[in-house]
Amino acid sequence: MAGTDKRKQSLYFPEEMLKEIQEEANRQDRSLSWVVQQAWKIARERIKSFPAVNDVTGDERLDPREEGRS
């Protein structure tokens, strides 16, 4: 993988989820980062299929500059 961009990023997980990820990383003798990266690779197409928040709520707010115009 030439030119891999390795940036630090803080991610926050519920305590129990983090514990499970750590246990799996230990089981596989891998890093937390590796496990999370693999999970993303596996799940990304499914996650991309989720509707956006505005699609779920039906919230189609107008641009504030447009409100009051009819």
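Predicted model: local features only at pLDDT ≥ 70, side-chain atom pairs only at ≥ 80, totals over all residues.
**Entry 1: H1 against H2**

H1 covers residues 15-28, and its axis lies 9 Å from that of H2. The packing angle is about 105°. I count angles of 65 to 115 degrees as roughly perpendicular, so H1 and H2 are roughly perpendicular to each other.

Which residues of H1 and H2 meet? From H1 I noted Leu18, Ile21, Gln22, Ala25 and Gln28. Facing them from H2 are Leu32, Trp34, Val35 and Val36. I then sorted this contact by class: 7 residues are nonpolar, 2 are polar and none is charged.

**Entry 2: H1 by itself**

I checked the span of H1 next. It has 14 residues, which should span 20 Å at 1.5 Å a residue. The end C-alpha atoms of H1 are 20 Å apart, so the two values agree.

I then looked just past the end of H1. Asp29 has a positive phi there, about 55°.

**Entry 3: H2 by itself**

H2 runs over residues 32-48, 17 residues in total. I found 23 Å from its first C-alpha to its last, close to the expected 24 Å. Where does H2 bend? I placed the bend at Ile42, and its angle is about 45°.

**Entry 4: salt bridges**

How many salt bridges does a search of the whole structure find? I got 2. I followed up one of them, which pairs Arg27 with Glu24. The closest N and O atoms of this pair are 2.6 Å apart, inside the 4 Å cut-off. Both residues belong to H1 and are 3 residues apart, so about one helical turn separates Arg27 from Glu24.

Terms used. Residues numbered from 1 in each chain as written. Heavy atoms only, no water. Helix = DSSP H or I, 4+ residues; strand = E, 2+ residues; numbered from the N terminus. Expected span 1.5 Å × (residues − 1). Bend = angle between axes of the 7 residues up to and from the residue. Axes fitted to C-alpha atoms, helices over the stretch in contact; angles between N-to-C directions. Parallel < 35°, antiparallel > 145°, perpendicular 65-115°, else oblique. Contact = heavy atoms within 4.5 Å. Nonpolar A, V, L, I, M, F, W, Y, C, P; charged D, E, K, R; others polar. Salt bridge = Lys/Arg side-chain N within 4 Å of Asp/Glu carboxyl O.
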